[in-house]
Amino acid sequence: MTRGLARGSWSGRLPAALIPALLAAGGVQPGVAEDAAPAAIPAVVETIQVRGRTDEVETLDPAIFATVIRAEDFAGRVTSLPELLRAVVGVQISSLGGEFATVSIRGSAAEQVMIYLDGVPLNRALGGAVNLADLPLNQVESIAVYRGFTPAGLPAASIGGAILVTTRGGTGAGSAAGDGTHPTAGSGWTAARNLSATYGSFSTAEAVLSAAGGRPGFDYSVGLDAGRSAGDFEYFGDGGTAVDPADDGTTQRRNNDFERLHLTGRAGFRAGGRGRVTLTTDLFGRDRGVPGKGSASFEAARLTERRAIARADLEVPGLWGGRILVRGAADATAALEEFVNPIAGVGEQTHTDNQMNALGAEGSILWTVSAHHAITLFASRRRETADLADLALPSPDLGSARRDTTAIVLEDQIGFHGDRIVLNPSIRRETYDNDFRPGAGTALYPDSLNEGEAFTTGKFGLRVRASETITLRANAGRFVRLPSFTEMFGYSGSIKGNPALRPEEGRNLDVGIVVTWPGAPRSTSGHARTMRPARIEAALFETVAGNLILFWPNSQSVVFARNLGQARIRGVELSLALAPFRRLETALNWTEQRAINEGPGVNEGNLLPGRPGREISATASLAIGGGRLFYGFTYVGRNYVDLQETDSSALPARYVHDLGWRHGFAHGLEATVELKNLTDEQVSDVAGFPLPGRSALGKLSWAF
């Protein structure tokens, strides 16, 4: 544990936000030797290995099964957040074949996974899963995936788990400068800059410019990226008539284009000689077509999205003789979504204009009771508002909604026998209050629409280091997901909300083992040999979710939100990371799961839709000369798209192969070529949305 702490940096960034403060609390500055770390630092940070890599990174909870992907793991690649997450064990990605993809963890619904950007939750009370395409990778430092459970120090717990996306920091003292860092003579400043351009199939193009710099006590970073694509790939369609093969054939995807602009910024500085302040901002805008299903395309539907996020973090370590760390943060989010479908008869003629805002504040106190005991008290308060309108209606005002959420969490972490055994119990109290004002264009009435409620949930985690190479983990907990505004109050002609919806409740359980070989020289029969590093992880998990929310047919053209009942999801996760040779790194992830609807109703015992029973991913990279060859394989098993298990509409299994080559040149230049879906597999996802076939992309970058 101490080794992981001693390698931290004074950065204030999640997921390693606690590390620098703990170091300072114990009187240790970043970069000192391991043996200088004081015994008073508790074991609050766990280190794990990243997929095929052999070094370690930090996570916020020692018991939770987690994966961390860092910027260097995908440096130079032509990839995206959905592609990276698809290669993580236990994670499923659903894509609409364009600028929209969602994530599920261990068979959860996408709405049951909390996603954070620099500590700001992106899940909105208005509803709908977080679109992973809203998080371009160009300015990302790390991605932490917590499967099934969330660390106590986050504003919201969830049934599926959490994903923490952290943007790049600066290059001041104590910060990792990365490639391209240049000191400025006599000034103490460092600077790193990067410029890249990408072009490929379907007129896809992207340009990225980023810069970072700093001096002792101050650092900054800024990044700008712009992207576009026509998205006009060819796919095999049935012409909207599944039973008539006469109109089957290859057609071109239409209205699948997008344009995107993204700006990020971060500045960090020391305050008061002991604390650190970090300011972050993220501005995002996109205009895209909404093509609909392959068999029912929308020819003119458009979606315009704007989002602005600002956050300030303060950390003050070293209080009360070095035993107390105080941390606080405040954030604000403003978002606009405008959806226009002007053609009546193709979907519903509509012109929605939704404005959503959020204000949040959080604070925590970490008390180092002893060398192996730490207690954390965390509190957060969040207000979300939404103003809803449909300009296509005679009375466009659909109303406004507000949700106030308060969370208080107490976490106790205790280590025994030199931290070989670590217990991690936590208890969470959440209260929320809804207020909905129906507008003239809403078919809802104000009776019983405003309601407050409170829930107490918790989690217990256990980590046991059985030996230097074997670690056991186990977790059990209960979580709640509140119905979204759309599920409770929505009305769009074909969708009706239900103010009487009950929150979804989940009980999670997992247990597993991690076996790690760090890699070291050894002697066999007098001959020197090297044992290559490797990591094997196996986990069993179960989720029992009650009051599942689905939109149920209420008439031929209207669906009505209702609580389904109970579902049970059981599965096993297996992952292997191995470097069999000095230049070769490999990884294999295998997930088996079975998600059953436990009713009641005629569909009791059927599989839940959208949860493939088997997913496999494999990656390999080989260093050759001045370049690196990499390969990826993804298998997604057959899965149903409805509760009735209709075979004719089930999605077939798919096998996708990717291949790429990255080569470095002098003066910081680097070139990458990638081929996606090598075999041109013609597949669909979700409920019949076609995915792209074979494509090629090239990237040229310059670090200076």
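Accessible areas here come from the Shrake-Rupley method with a 1.4 Å probe, and for residues only the protein chains shown count as cover. By that method the protein exposes about 29200 Å², of which carbon and sulfur atoms supply 58%. This is a predicted model, in which local features need pLDDT of at least 70 and side-chain atom pairs count only at pLDDT 80 or more, while totals for chains, interfaces and linings use all residues. Residues are numbered from 1 along each chain as its sequence is written, and side-chain values use heavy atoms, with hydrogens and water left out.

**Overall make-up**

- The protein has five helices and 43 strands; helices (H or I, at least four residues) and strands (E, at least two) are DSSP runs, numbered from the N terminus.
- Of its 704 residues, 51% count as buried, meaning under 20% relative accessible area, with exposed being over 50% and partly exposed in between (1.4 Å probe, protein chains only).
- Among contacts (heavy atoms within 4.5 Å) with a separation of 6 or more, 61% are between residues 24 or more positions apart.

**Nonpolar surface patch**

- Leu195, Leu209, Tyr220, Val222, Leu224, Leu261, Leu263, Leu283, Phe665, Leu669, Leu700 and Trp702 make a nonpolar surface patch of about 1000 Å².
- Patches are made of residues with over 30% relative accessible area and no salt bridge; like charges are joined within 9 Å, and nonpolar side chains (Val, Leu, Ile, Met, Phe, Trp, Tyr) within 5 Å.
- A salt bridge is a side-chain nitrogen of Lys or Arg within 4 Å of a carboxyl oxygen of Asp or Glu.
- At least two patch residues come from each of β13 (218-229), β16 (258-271) and β43 (695-703), and β13 gives the most, with three.
- Leu195, in strand β11 (residues 190-200), is partly exposed, with a relative accessible area of 40%.

**Surroundings of Arg402**

- Arg402 lies in strand β24 (residues 397-416).
- Its side chain makes polar contacts with the side chains of Asp404, at 2.4 Å, and Asp433, at 3.5 Å.
- A polar contact is a pair of N or O atoms within 3.5 Å; within protein, one must be able to donate a hydrogen and the other to accept it, and residues adjacent in sequence count only if both atoms are side-chain atoms.
- Leaving aside residues up to four places away in sequence, Arg402 touches Arg383, Glu384, Thr385, Asp433, Asn434, Asp435 and Phe485.

**Strand pairing around β35**

- Strands β32 (residues 534-546) and β35 (residues 566-581) run antiparallel and are joined by 13 bridges; two strands pair if DSSP finds at least two bridges between them.
- Leu574 in β35 stands opposite Ala538.
- β35 also pairs with strand β36 (residues 584-597) in the antiparallel sense, over 13 bridges, and Ala595 in β36 is the bridge partner of Ile569.
- A hairpin of two residues joins β35 to β36.
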